[in-house]
Amino acid sequence: MKLSNKGRYGVRALFDIAFHNDGRPTQIREIAGREMIPARFLEQIFQDLKKAGILGAKRGPRGGYHLARPASEITLGDVFRALEGPIVVCPAEDEGPRGAEPCGPDATAAAFKDLAVAIEKAFDDISIADVVRRGEALGLRRGESERVDFVI
């Protein structure tokens, strides 16, 4: 299973809002700068997260995007499902590309389905608040960019 940049960037952006702004409105350019995510891509990601009810938006001079619910109630599973759809380890016979081999007999298909459920549970067991605590444990400083500039 490979996670796309869209999903990883979504988690990083939500972490940024929760960590650096305590969930308060944050402008895309601030997040893009701190997390080194292209702002245009972040706009697309935020539209999907907003549709899913994970993010809210506030217009105006003090506006920006904010968490629609507490960080402890937003899981990585919520984020990945909103951005990438359901976790599928092995597609059903009629969902696979033409000419692709099906997963195999029912026993293997059932095993892959169980694996998908276990992976989804692992994603659902980690909240954005958990990721914030990990950031604190790593010694990240709030409100500051972790980017290093080199001057020659």
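Is Asp16 buried or exposed, going by its relative accessibility? I started my notebook with this residue, and I found that Asp16 has 0% relative accessibility and therefore counts as buried, where buried means under 20% relative accessible area, exposed over 50% and partly exposed in between (1.4 Å probe, protein chains only).

**Entry 1: what I am looking at.** I noted that this is a predicted model, in which local features need pLDDT of at least 70 and side-chain atom pairs count only at pLDDT 80 or more, while totals for chains, interfaces and linings use all residues. Residues are numbered from 1 along each chain as its sequence is written, and side-chain values use heavy atoms, with hydrogens and water left out.

I looked up the pLDDT, the predictor's confidence in each residue from 0 to 100, and for the protein chain it averages 85, with 82% of the residues scoring at least 70. Over residues 146–152 the pLDDT is below 50, and this stretch has four contacts in the model beyond near neighbours in sequence, a contact being heavy atoms within 4.5 Å.

**Entry 2: the elements.** I listed six helices and two strands in the protein chain, taken as DSSP runs numbered from the N terminus (helices are H or I with at least four residues, strands are E with at least two). From the N terminus on, I read their order as α-α-α-β-β-α-α-α.

**Entry 3: helix H1.** H1 (residues 5–20) has 16 residues and reaches 21 Å from its first C-alpha to its last, close to the 22 Å expected at 1.5 Å a residue, the expected span being 1.5 Å times one less than the number of residues. Because 12 of its 16 residues are buried, H1 is largely enclosed by the rest of the structure. The buried residues of H1 pack against several elements, among them helix H2 (28–35), H3 and strand E1 (55–58). For Asp16 I left aside its neighbours within four places in sequence, and I found it in contact with Asn21, Ile31, Arg34 and Glu35. Just after H1, I noticed that Asp22 takes a positive phi of about 50°.

**Entry 4: how do H1 and H3 pack, and at what angle?** I found an angle of about 80° between H1 and H3, with their axes 10 Å apart; axes are lines fitted to C-alpha atoms, for helices over the stretch in contact, and angles run from 0 to 180 degrees between N-to-C directions. H1 and H3 are therefore roughly perpendicular to each other, a term for angles of 65 to 115 degrees, with under 35 roughly parallel, over 145 roughly antiparallel and the rest oblique. In this contact, residues including Tyr9, Leu14 and Ile17 in H1 meet residues including Phe41, Leu42 and Ile45 in H3.

**Entry 5: Glu43.** I placed Glu43 in helix H3, where at 40% relative accessibility it counts as partly exposed. The C-alpha atoms of Glu43 and Ile28 are separated by 7.3 Å, although the two are 15 residues apart along the chain.
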